[in-house]
Amino acid sequence: MSDRVEVRKTYKLFIGGAFPRSESARTTAVTAPDGTLLAHVATASRKDVRDAVRAARGAQESWAGRTPYNRGQILYRIAEVLEGRAAQLAGELEAVGVPAAEARADVEAAVDGAVYWAGFADKLEQLVGSVNPVAGPFLNLSSVVPMGVCALACPDTGGVRGVLGLVCPAIMAGNAVVAVAGGPAALVTSTLGEVVATSDVPGGVVNLLTGDHAQLLPWLADHDDVDQIDLSGAPAGIAADLRARTAENLKRASATHGAEDLRTAMAFCEIRTVWHPASI
Amino acid sequence: MTTTPHDDTATANLARTFADYAPSIEGRDIVAIRPRYGLMIDGEERDARDGAVFSTIEPANGEHIAEVAEGAAADVDDAVAAARRAYETVWRDMPGRTRAKYLFRMARLLQDRSREFAVLETIDGGKPIRESRDVDVPLAAAHLFYHAGWADKLEYAVPGMTGRPIGVVGQITPWNFPLLMVAWKIAPALACGNTVVLKPAETTPLTALLLAELAAEAGLPPGVLNVVTGAGATGAALAAHPGVDKVAFTGSTEVGKAIRRATAERGTRLTLELGGKGAHVVFDDAALDQAVEGIVDGIFFNQGHVCCAGSRLLVQEGIADELLDRLRRRIELLRVGDPLDKNTDVGAINSHAQLERIRGFVDEARDDGAQVHQSTRALPGKGFYFPPTIVTGLGGSEAICREEVFGPVLAVQTFRTEAEAVARANATRYGLSAGVWTEKGSRILWMSQRLRAGVVWANSFNRFDPASPFGGLRESGFGREGGRQGLQEYLTLSPVTA
């Protein structure tokens, strides 16, 4: 038996491409099923939400300005880096009580999902946009516009896929995101920041907050600079209240539940129509 | 530019001063060229059954590069049988997202080995290294990447329709973009669940064979992609093979017609991407500097060996003299020479036969009284080279205005009105590409609705993207490659029943 003392990781937030502790300096103890302490994970506060939304807003426009091909390549890079981190992430799920086979399957599904969305980036416009046969000499084009800044309520029990199943389609469409997850997903959510940070995703496009949904989601639902909130992982008891809060600035409320299909892609974008004369 | 248009000597001297440069030759060491290459059938490299070989030549110096196996009908039989086995036992029923992973791997490996592919492409085909490095190889990887993403989304390819693979696809590719055309062909075919027997052009087989090696590196199951090298007879055997469910061909209109006849009996599905005689239409309000660059790119890119090349220039009368003057000055600056030199703009003509064909067209035009203006810069003494050439004084009925030259030769005519421009641009049996140069958006759209071309570029030319369907009208062929529309060429469609 080695007498080397292992170096433990500090589990922090991921905001604007950096790894800050919570501004509130609060942490939540994450323990194994037998009660052993695993880590004190940062507990995000209202001010961390504010910082994350600001970082997302600052990054969104240039992210949306990249070519869909480039966004696809970066999503594929996430899959590549994630595959390399599979053992670590599965281990973090196992530590909080997820059976080994289930943990492994969860990470694999997350990798495959990232590949699915990587291949969607340069298809979205072709599937959702259109050329419209208006009754006049005009070229009439409807094309995809991202929502902007999306708040994502990721399920606490959804593992790695629960987080990336919302993050990937949202950023695929050109949005920047603030994702929230806690409970058994806290460790992997924090570690996913390291995956995103090493996958050529520009800082601020993905922001990951570990914390309590009931505390953080109302701030996000009320926030005037958040354009959409996906409530897939919101606790059932507060979902109706959160939907009602979105009425103030009419932000979009969705619940995509990480489905890998066209509906999810469409939930994360709007349509803009352009008219151009075609007569001389 | 202070030089007056009429001061030809001063212009030429100035041009030479600008164009002087020190050579910067790309190294050949990155690619290990073997003395002999075999066929790639069922994951194995092997000789042709009858042992026949042919020589592939380096166009830049006319020297022998390597011996390549020349497949005959018996080899095509073997390849089709291997493709059929792989189709029925592995590829057809593999989940789309698993097929996707192989294609993503191939895209990544091609990006990893891009420099090697670029150098080999330039050695074997003669195109400038700058083009193979910046255009051919990255675009080939992009085609693999784009279609990889479709493999698990085929239910969205055609609304209301379910798409299933067709079966074994025979694909025949040309020598002008050897690797890129292979990627255009195999990426959608494989993404849709078909297996492939590929016959690359006989003058440029090496990058296709290297790609087959790369496919094996990616773990692509044996028999999914087979390569049978050879000349016209090999391609004819493939196109007429009863075990082939679909044929896709890119090449000349004459061979395309022969393939149409060969596939007519059985009704084999077919797509053809053939020749063209694309016209630039330049209006008097066009941004002239931009137009000059676009015209130069349109006809001198890849030595004009481009099916969609802008080989005709239709210029509005009022600006004809000024535009031609700028063009003549511009071609003096084009560096024709060693394709491996990173400074080279125009490389070597692909073969001696093609060089003779180009000469024939230009000599005939000159004999018929047209004015031929050529770059005066010296050409390399060895290898196959032709100077950038502009032909004026044409009426429109001359062979050089009607036939595909497939070389660095621009035929110029003038027009007065939009209607006349459309009539002249459409006065061809082809219908692949066209260009419109004007600052008026409405005129671009009005023109593009009337130009009989499968692709119209506005204030740009020779733009390609895997997401954008490419293909021709009329005798430029049928079917599209790229985009959502390109997928249906590789699917058997049936209605979704409610």
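## Contact between the chains

Two residues are in contact if their C-beta atoms, placed from the backbone, lie within 7 Å. In this predicted model, the contact draws on 20 residues of chain A and 23 residues of chain B. On the side of chain A that touches chain B, the elements giving two or more residues are helix H2 (68–84), helix H4 (100–118), helix H5 (124–128) and strand E10 (269–277) of chain A. The most is given by H4(A), with four residues.

By class, the side of chain A that touches chain B comprises twelve nonpolar residues, five polar residues and three charged residues.

## Architecture of chain A

Ten helices and ten strands are assigned in chain A. Chain A is as compact as a globular protein of 280 residues, because its radius of gyration of 20 Å is close to the 19 Å that the globule rule gives for that length. Along the principal axes, the C-alpha atoms of chain A fill a box of roughly 85 × 40 × 30 Å.

Of the 280 residues in chain A, 50% are buried. Among contacts in chain A between residues at least 6 apart in sequence, 76% join residues at least 24 apart.

## Confidence of the prediction

For the complex, the predictor gives an ipTM of 0.95 and a pTM of 0.95. Chain B has an average pLDDT of 95, and 96% of its residues score at least 70.

Over residues 1–5 of chain B, pLDDT stays under 50. For this segment of chain B, the model has four contacts beyond four places in sequence.

Definitions and conventions. Residues are numbered from 1 along each chain as its sequence is written. Chains are lettered from A and ligands numbered from 1 in the order in which they are written. This is a predicted model: local features need pLDDT of at least 70, side-chain atom pairs count only at pLDDT 80 or more; totals for chains, interfaces and linings use all residues. The radius of gyration is taken over C-alpha atoms; the globule rule is 2.2 Å times the number of residues to the power 0.38. A residue is buried if 20 or more other C-beta atoms lie within 10 Å of its own, exposed if 12 or fewer, and partly exposed in between; C-beta atoms are placed from the backbone. pLDDT is the predictor's confidence in each residue, from 0 to 100. Ala, Val, Leu, Ile, Met, Phe, Trp, Tyr, Cys and Pro count as nonpolar, Asp, Glu, Lys and Arg as charged, and the others, Gly among them, as polar.
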